Amino acid sequence: MTALAIHMNRSVLQASLSEGRFRLFFQAQYTVETRAVAGFEGVVRWNHPELGLLPPGLFMAALVREGFAGALTCAVAAQAAHAATEWARQGRPAPVAINIGLEEARDPQFPARLEDVVRATGAGPEMLVLEAPEAELARDPIEGFTALERLQARGFAIALDSRGAGDIPLDGRARALFSGLKCGGPSDLQVASSLGAGHASPFARRLLAARAAGLTTTAVGVETTASIPIFEELGFSCLQGNALHRPSPIEDASAAFDGPQNAAPAETAPAVLTAPAPRAPAPEPVFSPAPQRLRFGRMGMGLIEEA
């Protein structure tokens, strides 16, 4: 089998950042009770100059390694703020969530820089939700909480991006910081659904604690309509996943306000960007050196081998 190597050197990544090739797609989050849009999550895609749209698992580690994580966060924050402002202008206010890595958040200058980027679009920081990865926060909770509280002080809402039963106790400091708890990934939700809503399971206890703390609870990774009643029974307040709405460029995402789009089309490149002509499927990419763990929740989730 012929291998395709994707080269991600510093100059290629920097050029793509300058050219605006890292673009947000928007996936709606719906309330359980009314199926109204509660907000969106912005998921980043790289419109590679040769390969077209690439998911974050193929580039996030390289961006982090080259020191571009903060630049990417600012770039996607500007796009998220623009979308939130546009929807508010249409009379359909909806916050937009983006992932944030704690490495750049620890920079004391980062909150002011991020706020400036958002306000330059005409939006306020309250229109964005910054999702912090729980696994990363658990490794250094003292410094991590302090960094997130600086962002909260600037007006940003902070959500905890969790996996499984969770590592961070939802105590007084957490309750004061977090506005929401996001649980999921299809595999995690599959396990949770098999446990049911019984209070004995750690997953169910986690949801009970979040609701008691007044946090919005969002199930992320709802992939089948048959699973929706299960997540409702588990007690989630919001649902997000391809069974309801697929990530879409901003010009298509507004259709989410008309209700869940169970037959939504697959992702396509935004019209302002040019993807390569269709061709035969490429063999699986091969990367080197050794795998590196990603730092950003769903915006950059999993392992990658890169050249």
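## Burial of Ser-254

A residue is called buried when its relative accessible area is under 20%. In this predicted model, Ser-254 has a relative accessibility of 18% and therefore counts as buried.

## Surroundings of Ser-254

Ser-254 lies in the loop that connects helix H12 (250-253) with strand E10 (292-293). Beyond the residues within four places in sequence, the contacts of Ser-254 are Trp-87, Gln-90 and Arg-92.

With Trp-87, the contact is polar and runs from side chain to side chain at 2.9 Å. Arg-92 is 162 residues away from Ser-254 in sequence, while the C-alpha atoms of the two are 9.4 Å apart.

## Strand E1 and its partners

Strand E1 covers residues 22-31, and nine of its 10 residues are buried. E1 pairs with strand E2 (residues 37-48) in antiparallel fashion through nine bridges. Within this pairing, Phe-26 is placed opposite Gly-42 of E2. The two strands form a hairpin with five residues between them, where Arg-35 has a positive phi near 60°.

E1 also pairs with strand E9 (residues 238-240), again antiparallel, over two bridges. Here Tyr-30 has Leu-239 of E9 as its bridge partner.

## Gln-29 within E1

Gln-29 belongs to strand E1. Its relative accessible area is 10%, so Gln-29 is buried.

Setting aside residues up to four places away in sequence, Gln-29 touches Ala-36, Val-37, Ala-38, Gly-39, Phe-40 and Glu-41, as well as Glu-131, Lys-182, Leu-239 and Gln-240. Among these contacts of Gln-29 is Leu-239, the residue of E9 that is bridged to Tyr-30.

Key. Residues numbered from 1 in each chain as written. Predicted model: local features only at pLDDT ≥ 70, side-chain atom pairs only at ≥ 80, totals over all residues. Heavy atoms only, no water. Helix = DSSP H or I, 4+ residues; strand = E, 2+ residues; numbered from the N terminus. Buried < 20%, exposed > 50% of the residue type's maximum accessible area, 1.4 Å probe, protein only. Contact = heavy atoms within 4.5 Å. Pairing = 2+ DSSP bridges. Polar contact = N/O pair within 3.5 Å; in protein donor to acceptor, adjacent residues only side chain to side chain.
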